[in-house]
Amino acid sequence: MSNGGSSIRGSRVGSGPMGEVERGHQVHRITVSFYCANDHEYNANYIATIALEDIPQQIDCPKCGLPAGHDKAHPPHLAKVEPYRTHLAYVKERRTEAEAEELLAAAVNSVRERRQRLAEEESKK
């Protein structure tokens, strides 16, 4: 059963040899290992001519997201993350309880005066 195609399956007319000719010149590279606190190792490739100060000291581990550094024995640990704080928590941080009471009293008096003024205007109509 001849179909007139190539005798090598998957090849076509005009296909050349695979390798450096088609992919271009291969650059020399170095591999730098990063280690996280969960004992994951990630190997990143950099061009061999890169300056040492251009290689990051820490990256985020692609497996778990923790910080990863060069020292396997002492990987960096995640800094303490503060929990979400509400607006009220920030206000309480800036003001004392006495100042809060004073502001609340002033706001309540303002509302009372406005309501009394509006009630008087309605009664005049």
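Ile 30 in strand S1 and Tyr 46 in strand S2 are bridge partners in this predicted model. Further along, Phe 34 faces Tyr 42 of S2. Tyr 35 lies opposite Glu 41, also in S2. S1 covers residues 29–36 and S2 covers residues 41–47. The two strands pair in the antiparallel sense, over seven bridges. Together they make a hairpin, with four residues between the strands. Asp 39 sits in the turn and has a positive phi of about 65 degrees.

S1 also pairs with strand S4, which spans residues 67–69. This pairing is antiparallel as well and runs over two bridges. Here Cys 36 has Ala 68 of S4 as its bridge partner.

Read from the N terminus, the order of elements is α-β-β-β-β-α-α.

The largest nonpolar core has 10 residues. Its members are Val 32, Phe 34, Cys 36, Ala 44, Tyr 46, Ile 55, Ile 59, Cys 61, Leu 66 and Ala 68. S1 and S2 are the elements that give two or more residues to this core. S1 gives the most, with three residues. Phe 34, which stands opposite Tyr 42, is a core member. Tyr 46, the bridge partner of Ile 30, is another. Cys 36 and its bridge partner Ala 68 both belong to the core.

Cys 36 has contacts beyond its neighbours in sequence. Leaving out residues up to four places away, Cys 36 touches Cys 61, Cys 64, Leu 66, Pro 67, Ala 68 and Pro 75. Among these, Cys 61, Leu 66 and Ala 68 are also members of the core.

Charged side chains were examined next. A search of the whole structure finds one salt bridge. Its partners are the side chains of Arg 85 and Glu 93, at 2.4 Å from N to O. Side chains of opposite charge can pair when their charged atoms come close. Arg 85 is partly exposed, with a relative accessible area of 25%. Glu 93 counts as exposed because its relative accessibility is 57%, and the cut-off for exposed is over 50%.

Values for the whole chain complete the description. The chain has 125 residues, and buried residues make up 14% of them. Its accessible surface comes to about 11,400 Å². Carbon and sulfur atoms account for 53% of that surface. Contacts were also sorted by separation in sequence. Of those between residues at least 6 apart, 33% join residues at least 24 apart.

Technical notes: Residues are numbered from 1 along each chain as its sequence is written. This is a predicted model: local features need pLDDT of at least 70, side-chain atom pairs count only at pLDDT 80 or more; totals for chains, interfaces and linings use all residues. Side-chain values use heavy atoms; hydrogens and water are left out. Buried means under 20% relative accessible area, exposed over 50%, partly exposed in between (1.4 Å probe, protein chains only). Contact means heavy atoms within 4.5 Å. Accessible areas come from the Shrake-Rupley method with a 1.4 Å probe; for residues, only the protein chains shown count as cover. Two strands pair if DSSP finds at least two bridges between them. A nonpolar core is a set of buried Ala, Val, Leu, Ile, Met, Phe, Trp, Tyr and Cys residues joined through side-chain atoms within 4.5 Å. A salt bridge is a side-chain nitrogen of Lys or Arg within 4 Å of a carboxyl oxygen of Asp or Glu.
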